Amino acid sequence: MTLQQLKYAMVIAENGSMNIAAKKLFITQPTLSKAIKELERELDIEIFYRTNRGIQVTIEGIEFLGYAKQVLEESELLEQRYLKQYKKRQRFAITTQHYAFAVSAFVNLVQRFGEEDYELILRETKTYEILDDVKNLRSEIGILYINAFNRKVLEKFFHEFHLVFTELFTAKPHVFISDKNPLATKSIVKIKDLEEYPYLSFEQGEYNSFHFSEEILSTLSHKKSITVSDRATLFNLLIGINGYTISTGVLNEDLNGNEIISIPLEIDEEMTIGYVVHKDTKRSCLANIYIDALKQELSLDID
(Lines give C-alpha, C1' and ligand atoms only; values in the text may rest on other atoms or scores of the structure.)
Protein backbone atom coordinates (compact mmCIF):
# COMPACT_ATOMS: atom_id res chain seq x y z
CA MET A 1 0.00 0.00 0.00
CA THR A 2 1.41 3.38 -1.04
CA LEU A 3 0.52 7.02 -0.45
CA GLN A 4 -0.10 7.28 -4.19
CA GLN A 5 -2.75 4.54 -4.01
CA LEU A 6 -4.40 6.31 -1.06
CA LYS A 7 -4.48 9.54 -3.05
CA TYR A 8 -5.97 7.72 -6.05
CA ALA A 9 -8.76 6.29 -3.87
CA MET A 10 -9.57 9.69 -2.36
CA VAL A 11 -9.79 11.39 -5.76
CA ILE A 12 -12.13 8.66 -7.07
CA ALA A 13 -14.37 9.03 -4.00
CA GLU A 14 -14.43 12.82 -4.32
CA ASN A 15 -15.47 12.70 -7.99
CA GLY A 16 -17.63 9.58 -8.10
CA SER A 17 -16.10 8.66 -11.45
CA MET A 18 -13.04 6.65 -12.45
CA ASN A 19 -12.76 8.58 -15.73
CA ILE A 20 -12.90 12.04 -14.12
CA ALA A 21 -10.46 10.96 -11.40
CA ALA A 22 -8.00 9.68 -13.99
CA LYS A 23 -8.11 13.02 -15.83
CA LYS A 24 -7.52 14.97 -12.61
CA LEU A 25 -4.62 12.69 -11.71
CA PHE A 26 -3.16 12.95 -15.24
CA ILE A 27 -3.05 9.17 -15.70
CA THR A 28 -4.98 6.75 -17.87
CA GLN A 29 -8.14 5.09 -16.60
CA PRO A 30 -6.71 1.55 -16.98
CA THR A 31 -3.69 2.58 -14.89
CA LEU A 32 -5.97 3.98 -12.20
CA SER A 33 -8.25 0.92 -12.22
CA LYS A 34 -5.25 -1.39 -11.94
CA ALA A 35 -3.83 0.56 -8.98
CA ILE A 36 -7.15 0.39 -7.12
CA LYS A 37 -7.63 -3.32 -7.85
CA GLU A 38 -4.12 -4.01 -6.52
CA LEU A 39 -4.91 -2.00 -3.38
CA GLU A 40 -8.19 -3.85 -2.83
CA ARG A 41 -6.48 -7.19 -3.37
CA GLU A 42 -3.71 -6.33 -0.90
CA LEU A 43 -6.21 -5.18 1.77
CA ASP A 44 -8.72 -7.93 0.95
CA ILE A 45 -11.60 -5.45 0.85
CA GLU A 46 -13.79 -3.85 -1.82
CA ILE A 47 -13.49 -0.06 -1.68
CA PHE A 48 -15.70 0.86 -4.65
CA TYR A 49 -18.52 -0.63 -6.67
CA ARG A 50 -20.08 0.55 -9.92
CA THR A 51 -23.74 1.62 -10.28
CA ASN A 52 -25.72 3.39 -12.99
CA ARG A 53 -25.05 6.59 -10.98
CA GLY A 54 -21.28 6.11 -11.19
CA ILE A 55 -18.70 4.89 -8.67
CA GLN A 56 -20.03 4.35 -5.13
CA VAL A 57 -18.04 3.73 -1.94
CA THR A 58 -18.71 0.51 -0.03
CA ILE A 59 -19.24 0.40 3.74
CA GLU A 60 -15.73 -1.03 4.11
CA GLY A 61 -14.50 1.67 1.75
CA ILE A 62 -15.96 4.45 3.89
CA GLU A 63 -14.00 3.22 6.90
CA PHE A 64 -10.84 2.78 4.84
CA LEU A 65 -11.08 6.25 3.26
CA GLY A 66 -11.55 7.81 6.68
CA TYR A 67 -8.17 6.40 7.71
CA ALA A 68 -6.64 7.19 4.31
CA LYS A 69 -7.63 10.83 4.60
CA GLN A 70 -5.91 11.12 7.95
CA VAL A 71 -2.75 9.46 6.61
CA LEU A 72 -2.63 11.82 3.61
CA GLU A 73 -3.18 14.87 5.81
CA GLU A 74 -0.36 13.77 8.12
CA SER A 75 1.88 13.18 5.10
CA GLU A 76 1.14 16.69 3.82
CA LEU A 77 1.96 18.14 7.24
CA LEU A 78 5.30 16.32 7.22
CA GLU A 79 6.12 17.63 3.75
CA GLN A 80 5.07 21.13 4.72
CA ARG A 81 7.24 20.99 7.85
CA TYR A 82 10.41 19.49 6.36
CA LEU A 83 10.28 20.24 2.63
CA LYS A 84 10.42 24.01 2.49
CA GLN A 85 9.54 24.15 -1.21
CA TYR A 86 6.29 22.25 -0.59
CA LYS A 87 3.11 24.31 -0.53
CA LYS A 88 0.04 22.54 0.80
CA ARG A 89 -2.96 22.62 -1.53
CA GLN A 90 -6.21 23.20 0.33
CA ARG A 91 -9.10 20.91 -0.69
CA PHE A 92 -12.66 21.17 0.56
CA ALA A 93 -16.14 20.42 -0.80
CA ILE A 94 -19.64 21.41 0.37
CA THR A 95 -23.00 20.26 -0.96
CA THR A 96 -26.05 22.26 0.02
CA GLN A 97 -29.66 23.06 -0.58
CA HIS A 98 -30.16 26.43 -2.25
CA TYR A 99 -29.31 28.81 0.60
CA ALA A 100 -27.75 32.26 0.17
CA PHE A 101 -26.16 32.05 3.63
CA ALA A 102 -24.25 28.91 2.56
CA VAL A 103 -22.80 30.83 -0.40
CA SER A 104 -21.97 33.86 1.75
CA ALA A 105 -20.08 31.68 4.24
CA PHE A 106 -18.24 30.10 1.29
CA VAL A 107 -17.22 33.60 0.13
CA ASN A 108 -15.85 34.21 3.62
CA LEU A 109 -13.86 30.97 3.37
CA VAL A 110 -12.39 31.86 -0.04
CA GLN A 111 -11.43 35.34 1.14
CA ARG A 112 -9.53 33.88 4.07
CA PHE A 113 -7.57 31.58 1.75
CA GLY A 114 -7.25 33.92 -1.22
CA GLU A 115 -3.45 33.86 -1.07
CA GLU A 116 -3.17 30.06 -0.85
CA ASP A 117 -3.38 27.26 -3.40
CA TYR A 118 -6.78 25.65 -3.06
CA GLU A 119 -9.32 23.42 -4.74
CA LEU A 120 -12.77 24.20 -3.34
CA ILE A 121 -16.17 22.93 -4.44
CA LEU A 122 -19.58 24.45 -3.65
CA ARG A 123 -22.48 22.45 -5.05
CA GLU A 124 -26.13 23.50 -4.75
CA THR A 125 -28.24 20.48 -5.59
CA LYS A 126 -31.03 18.07 -4.72
CA THR A 127 -31.64 16.84 -1.18
CA TYR A 128 -30.81 13.18 -1.84
CA GLU A 129 -27.59 14.12 -3.63
CA ILE A 130 -26.48 16.06 -0.55
CA LEU A 131 -26.78 12.90 1.51
CA ASP A 132 -25.12 10.80 -1.19
CA ASP A 133 -22.20 13.21 -1.58
CA VAL A 134 -21.39 13.18 2.13
CA LYS A 135 -21.95 9.43 2.39
CA ASN A 136 -19.42 8.80 -0.41
CA LEU A 137 -16.98 11.50 0.81
CA ARG A 138 -17.40 13.66 -2.30
CA SER A 139 -18.27 16.46 0.13
CA GLU A 140 -17.23 16.93 3.72
CA ILE A 141 -20.32 18.93 4.69
CA GLY A 142 -23.93 18.85 3.51
CA ILE A 143 -26.44 21.58 4.41
CA LEU A 144 -30.19 20.94 4.55
CA TYR A 145 -33.25 21.32 6.76
CA ILE A 146 -35.43 18.92 8.71
CA ASN A 147 -38.87 19.44 10.24
CA ALA A 148 -41.70 17.43 11.77
CA PHE A 149 -42.83 16.24 8.33
CA ASN A 150 -39.56 14.96 6.84
CA ARG A 151 -37.61 14.17 10.01
CA LYS A 152 -38.42 10.45 10.21
CA VAL A 153 -37.50 9.79 6.57
CA LEU A 154 -34.30 11.84 6.62
CA GLU A 155 -33.15 10.42 9.95
CA LYS A 156 -33.52 6.96 8.42
CA PHE A 157 -31.08 7.99 5.68
CA PHE A 158 -28.76 9.60 8.24
CA HIS A 159 -28.58 6.27 10.02
CA GLU A 160 -28.13 4.15 6.87
CA PHE A 161 -25.50 6.50 5.42
CA HIS A 162 -23.61 6.90 8.74
CA LEU A 163 -24.24 10.66 8.85
CA VAL A 164 -24.51 12.98 11.85
CA PHE A 165 -26.82 16.02 11.71
CA THR A 166 -25.94 19.16 13.71
CA GLU A 167 -28.41 22.01 14.09
CA LEU A 168 -27.42 25.54 13.06
CA PHE A 169 -30.68 27.39 13.71
CA THR A 170 -34.45 27.03 13.78
CA ALA A 171 -36.58 29.26 11.54
CA LYS A 172 -40.22 30.03 11.01
CA PRO A 173 -41.29 29.68 7.37
CA HIS A 174 -41.12 32.86 5.27
CA VAL A 175 -42.15 33.64 1.71
CA PHE A 176 -39.57 35.07 -0.69
CA ILE A 177 -41.14 37.51 -3.15
CA SER A 178 -40.17 40.49 -5.30
CA ASP A 179 -40.25 43.90 -3.64
CA LYS A 180 -42.70 44.84 -6.43
CA ASN A 181 -45.12 42.03 -5.59
CA PRO A 182 -48.51 43.33 -4.32
CA LEU A 183 -47.91 41.31 -1.14
CA ALA A 184 -44.71 43.21 -0.40
CA THR A 185 -46.51 45.74 1.79
CA LYS A 186 -47.78 43.07 4.19
CA SER A 187 -46.06 42.42 7.51
CA ILE A 188 -47.24 38.80 7.47
CA VAL A 189 -48.66 36.60 4.70
CA LYS A 190 -51.35 33.94 4.95
CA ILE A 191 -51.59 30.82 2.79
CA LYS A 192 -54.78 32.12 1.13
CA ASP A 193 -52.96 35.34 0.13
CA LEU A 194 -50.67 33.26 -2.12
CA GLU A 195 -53.34 31.42 -4.14
CA GLU A 196 -53.16 33.60 -7.27
CA TYR A 197 -49.37 33.73 -7.47
CA PRO A 198 -47.06 31.14 -9.12
CA TYR A 199 -45.44 28.79 -6.62
CA LEU A 200 -41.74 28.14 -7.30
CA SER A 201 -39.86 25.09 -6.07
CA PHE A 202 -36.61 23.23 -6.71
CA GLU A 203 -36.80 19.96 -8.64
CA GLN A 204 -35.61 16.80 -6.88
CA GLY A 205 -35.01 14.42 -9.79
CA GLU A 206 -35.71 10.74 -9.28
CA TYR A 207 -36.07 11.23 -5.52
CA ASN A 208 -39.08 13.48 -5.99
CA SER A 209 -40.80 12.58 -2.72
CA PHE A 210 -42.47 15.32 -0.67
CA HIS A 211 -40.03 14.38 2.09
CA PHE A 212 -37.06 15.51 -0.03
CA SER A 213 -38.58 18.86 -1.01
CA GLU A 214 -36.56 21.96 -0.13
CA GLU A 215 -39.76 23.88 0.48
CA ILE A 216 -41.71 23.35 3.69
CA LEU A 217 -45.46 22.62 3.22
CA SER A 218 -44.60 20.69 0.05
CA THR A 219 -47.86 18.69 0.15
CA LEU A 220 -50.03 21.77 -0.42
CA SER A 221 -51.67 21.99 -3.85
CA HIS A 222 -51.18 25.07 -6.02
CA LYS A 223 -53.13 26.54 -8.93
CA LYS A 224 -49.87 27.68 -10.54
CA SER A 225 -46.65 25.81 -10.01
CA ILE A 226 -43.17 26.06 -11.60
CA THR A 227 -40.20 23.82 -10.85
CA VAL A 228 -36.64 25.05 -11.39
CA SER A 229 -33.15 23.64 -10.86
CA ASP A 230 -31.10 26.64 -9.72
CA ARG A 231 -31.42 29.60 -7.37
CA ALA A 232 -30.68 32.29 -9.97
CA THR A 233 -33.59 31.13 -12.14
CA LEU A 234 -35.90 30.99 -9.14
CA PHE A 235 -34.96 34.53 -8.09
CA ASN A 236 -35.47 35.80 -11.66
CA LEU A 237 -38.96 34.28 -11.66
CA LEU A 238 -39.76 35.81 -8.29
CA ILE A 239 -39.12 39.17 -9.92
CA GLY A 240 -40.33 38.53 -13.47
CA ILE A 241 -43.70 36.84 -12.82
CA ASN A 242 -44.43 37.76 -9.20
CA GLY A 243 -43.81 34.20 -8.09
CA TYR A 244 -43.08 33.09 -4.54
CA THR A 245 -41.27 30.35 -2.70
CA ILE A 246 -41.22 29.27 0.94
CA SER A 247 -37.92 29.13 2.80
CA THR A 248 -36.02 30.13 5.94
CA GLY A 249 -36.34 33.90 5.71
CA VAL A 250 -32.54 34.35 5.59
CA LEU A 251 -31.39 36.49 2.65
CA ASN A 252 -28.14 38.24 1.81
CA GLU A 253 -28.46 41.63 0.10
CA ASP A 254 -24.72 41.77 -0.67
CA LEU A 255 -25.09 38.66 -2.87
CA ASN A 256 -28.70 38.85 -4.01
CA GLY A 257 -29.47 42.58 -4.02
CA ASN A 258 -32.55 44.09 -2.42
CA GLU A 259 -35.14 43.17 -5.06
CA ILE A 260 -36.06 39.99 -3.16
CA ILE A 261 -37.67 40.37 0.26
CA SER A 262 -38.70 37.94 2.98
CA ILE A 263 -42.06 38.06 4.78
CA PRO A 264 -43.16 35.73 7.63
CA LEU A 265 -45.78 33.14 6.73
CA GLU A 266 -48.67 32.76 9.16
CA ILE A 267 -48.46 29.07 9.95
CA ASP A 268 -47.56 26.95 12.96
CA GLU A 269 -44.49 25.21 11.52
CA GLU A 270 -40.72 25.32 12.03
CA MET A 271 -37.62 24.40 10.02
CA THR A 272 -34.39 23.21 11.63
CA ILE A 273 -31.47 24.03 9.36
CA GLY A 274 -28.20 22.23 9.95
CA TYR A 275 -25.35 20.30 8.42
CA VAL A 276 -24.45 16.63 8.04
CA VAL A 277 -21.00 15.08 8.16
CA HIS A 278 -19.87 11.48 7.94
CA LYS A 279 -19.47 10.09 11.45
CA ASP A 280 -16.39 8.03 10.55
CA THR A 281 -14.26 10.93 9.32
CA LYS A 282 -12.21 13.57 11.09
CA ARG A 283 -13.29 17.14 10.33
CA SER A 284 -10.68 19.14 8.41
CA CYS A 285 -9.38 22.58 9.27
CA LEU A 286 -11.29 24.12 6.35
CA ALA A 287 -14.51 22.42 7.50
CA ASN A 288 -14.14 23.96 10.94
CA ILE A 289 -13.49 27.39 9.45
CA TYR A 290 -16.49 27.07 7.13
CA ILE A 291 -18.79 26.07 9.99
CA ASP A 292 -17.58 29.08 11.99
CA ALA A 293 -18.28 31.28 8.96
CA LEU A 294 -21.78 29.79 8.72
CA LYS A 295 -22.48 30.57 12.36
CA GLN A 296 -21.18 34.10 11.98
CA GLU A 297 -23.26 34.68 8.85
CA LEU A 298 -26.42 33.32 10.45
CA SER A 299 -25.89 35.33 13.63
CA LEU A 300 -25.66 38.50 11.58
CA ASP A 301 -28.77 37.65 9.55
CA ILE A 302 -30.97 36.34 12.34
CA ASP A 303 -30.29 38.98 15.01
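About 150 Å³ of space lies in the largest cavity of this predicted model, a cavity being a set of points on a 1 Å grid over the protein atoms alone where a 1.4 Å probe fits but cannot get out. Volume here is the space filled by probe spheres set on the points, with grid points joined across faces, edges and corners. The model is predicted, so that local features need pLDDT of at least 70 and side-chain atom pairs count only at pLDDT 80 or more, while totals for chains, interfaces and linings use all residues. Residues are numbered from 1 along each chain as its sequence is written, and side-chain values use heavy atoms, with hydrogens and water left out.

The structure holds one cavity of 30 Å³ or more. The largest cavity is lined by 16 residues, of which His-98, Tyr-99, Phe-176, Phe-202 and Ser-247 are the closest to its centre; lining residues have an atom within 4 Å of a point. At least two lining residues come from each of helix H8 (231-240) and strand E10 (245-247), where helices (H or I, at least four residues) and strands (E, at least two) are DSSP runs numbered from the N terminus. The lining of the largest cavity comprises nine nonpolar, four polar and three charged residues. In this classification, Ala, Val, Leu, Ile, Met, Phe, Trp, Tyr, Cys and Pro count as nonpolar, Asp, Glu, Lys and Arg as charged, and the others, Gly among them, as polar.

The second largest pocket contains about 270 Å³ of space, a pocket being an open set of points with protein on both sides within 12 Å along at least five of seven lines. Of its 16 lining residues, Ser-201, Asn-208, Phe-210, Ser-213 and Ser-218 are the closest to the centre. Strands E8 (199-202) and E9 (225-228) each supply at least two residues of this lining, and E8 gives the most, with three residues. By class, the lining of the second largest pocket has four nonpolar, 10 polar and two charged residues.

Strand E10 also belongs to an open sheet of three strands, ordered E10-E7-E11 with antiparallel pairing; two strands pair if DSSP finds at least two bridges between them. E10 and strand E11 (260-264) are the edge strands, each pairing on one side only. Neighbouring strands of this sheet are turned by 40° against each other on average, direction ignored. Axes are lines fitted to C-alpha atoms, for helices over the stretch in contact, and angles run from 0 to 180 degrees between N-to-C directions. Three bridges connect E10 with strand E7 (residues 174-178) in the antiparallel sense, and Val-175 has Ile-246 of E10 as its bridge partner. Helix H8 packs on the sheet, touching E7, E10 and E11, and its direction makes about 65° with that of E7; contact means heavy atoms within 4.5 Å.

A second open sheet consists of five strands in the order E4-E3-E5-E12-E6, with mixed pairing. Its edge strands are E4 (118-124) and E6 (163-171), each of which pairs on one side only. Strands E3 (residues 90-96) and E5 (residues 141-146) run parallel and are joined by three bridges, and Thr-95 stands opposite Gly-142 in E5. Helix H6 (residues 127-135) packs on the sheet, touching E3, E4, E5, E6 and strand E12 (271-278), with its direction at about 140° to that of E5.

The axes of helices H2 (residues 18-25) and H3 (residues 29-43) come within 9 Å and cross at roughly 105°. H2 and H3 are therefore roughly perpendicular to each other, the term for angles of 65 to 115 degrees, whereas angles under 35 degrees count as roughly parallel, over 145 as roughly antiparallel and the rest as oblique. Met-18, Asn-19, Ala-21, Ala-22 and Leu-25 of H2 make the contact with Gln-29, Leu-32 and Ser-33 of H3. By class, this contact has five nonpolar, three polar and no charged residues.
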